[in-house]
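Dear colleague,

My notes on what was found in it follow directly after.

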Amino acid sequence: MKLSGIKSAESSHDDSIWAATWVPPSSASSECLLLTGSLDESVRLWRADDLSPAAPPSRGHSLGVVSLAAHPSGSLAAASSLDSLVRVFHLHTSASVALLHPDSPSEAWGLNFNPKGSLLAVAGGASASIKLWETTTWQLAETVPVPHPTDRSQSPNPSSASFILAVAWSPDGRRLACSSYDGSVAVFDTERAKFLHHLSGHHMPVRSLVFSPVDPRVLFTGSDDSHVHMYDAEGRSLVAAMSGHAGWVSSVDASPDGAALATGSADRTVRLWDLGMRAAVQTMTSHTDHVWGVAFRPSASGPGTRDAGRLASVSDDKSISLYDYS
């Protein structure tokens, strides 16, 4: 796989862009669209070919947007903000569907819909929990406490409370993982609503994690310790520790065929990793500041397929970059 830059859009937002995700085709749009969120408090929808606006900016937060998730239907999205609220809205009209209020401040960070779109998982920040919201009524279905590692080898700072930063569902929906400021990763069995175990190895905050789209056992993580890890989430084992970045790894995403990984970093680069080689094979330098988000566009042929695709990245420099890969 090889990346080739095709377009960068400068000043896409009025402030740093911290979040990006792709929106599946829907009844309102036959193509995948790119959704971005910024510290300028707005969420914007873009066409994938020329980065032209696909809808007016969506607003509703009083502080910057830090995470985004698109519903599998392609009609809705959720945004979490530094104002500690989660706003659910119609993508093409920007009309609000629900405003989800955590119990206290600092309880809404990374978020993700499950594969069926029936639940929205929200990283609970300082509450050391995952909030699960039912997407028909938008009522809180469950608050899942995240145990803190008691083994010092599993947490570099076991005396501090876990601050939950990100969540990820396995492609079959059977597992839910979350990452913490203390460097630990917790894995849950969603069918039994049961905590399974922690995954250890990182020594600083883990800001992003994603399951392989083709193997529900495989989980990838990126950490402030500048390393990228590949885990067997079922066997609790670290399969590979990959290095190459010179700063925080703020975002990770797996290619639709499961053969590659993309990462964005505080070192201002986007890296492409060959998972067969377990090494970085390409470095892109289109950004001039911290790269907060990377996102592969889903394959039109479905997970596990390899066809010409697209990767997006966003940065503190307020720009969006698009890359083709084949």
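Strands, like helices, are DSSP runs numbered from the N terminus (E, at least two residues, for a strand; H or I, at least four residues, for a helix). This is a predicted model, in which local features need pLDDT of at least 70 and side-chain atom pairs count only at pLDDT 80 or more, while totals for chains, interfaces and linings use all residues. Residues are numbered from 1 along each chain as its sequence is written, and side-chain values use heavy atoms, with hydrogens and water left out.

Overall form

The protein has 28 strands and zero helices. Its radius of gyration (taken over C-alpha atoms) is 18 Å, close to the 20 Å that the globule rule (2.2 Å times the number of residues to the power 0.38) gives for 326 residues, so the protein is as compact as a globular protein of that length. Along the principal axes, the C-alpha atoms fill a box of roughly 50 × 45 × 35 Å. Of the 326 residues, 57% count as buried, meaning under 20% relative accessible area with a 1.4 Å probe and protein chains only.

The sheet β6-β7-β8-β9

Four strands form an open sheet in the order β6-β7-β8-β9, with antiparallel pairing; two strands pair if DSSP finds at least two bridges between them. β6 (65-70) and β9 (96-100) stand at the edges with a single partner strand each, so one side of each has no neighbour in the sheet. From one strand to the next, the twist averages 20°, an angle between N-to-C directions of axes fitted to C-alpha atoms, on a scale from 0 to 180 degrees.

Strand β7 (residues 76-81) is joined to β6 by five bridges. Across this pair, V65 stands opposite S81 and A69 opposite A78. The hairpin of β6 and β7 has five residues between the strands, and G74 there takes a positive phi near 80°.

β7 also pairs with β8 (residues 86-90), in the antiparallel sense and over five bridges; L76 has H90 of β8 as its bridge partner. Four residues lie between β7 and β8 in their hairpin, where S84 in the turn has a positive phi of about 70°.

Is β7 covered or open on its two faces? Both faces are covered, with L76, A78 and S80 buried on one side and A77, A79 and S81 buried on the other.

Cavity and pocket

Both were found on a 1 Å grid over the protein atoms alone: a cavity is a set of points where a 1.4 Å probe fits but cannot get out, a pocket is an open set with protein on both sides within 12 Å along at least five of seven lines, and lining residues have an atom within 4 Å of a point.

The structure holds one cavity of 30 Å³ or more. The largest cavity has about 40 Å³ of space, and its lining includes L35, F89 and S94. Strand β4 (residues 42-47) gives the most to that lining, with three residues.

The second largest pocket has about 290 Å³ of space. Of its 20 lining residues, L119, W169, G173, T190 and E191 are the closest to its centre. β13 (140-145), β16 (185-189) and β17 (194-199) each supply at least two lining residues, and the largest share, three residues, comes from β13.

Yours sincerely

Notes
Grid points are joined across faces, edges and corners, and a volume is the space filled by probe spheres set on the points. Buried means under 20% relative accessible area, exposed over 50%, partly exposed in between (1.4 Å probe, protein chains only).
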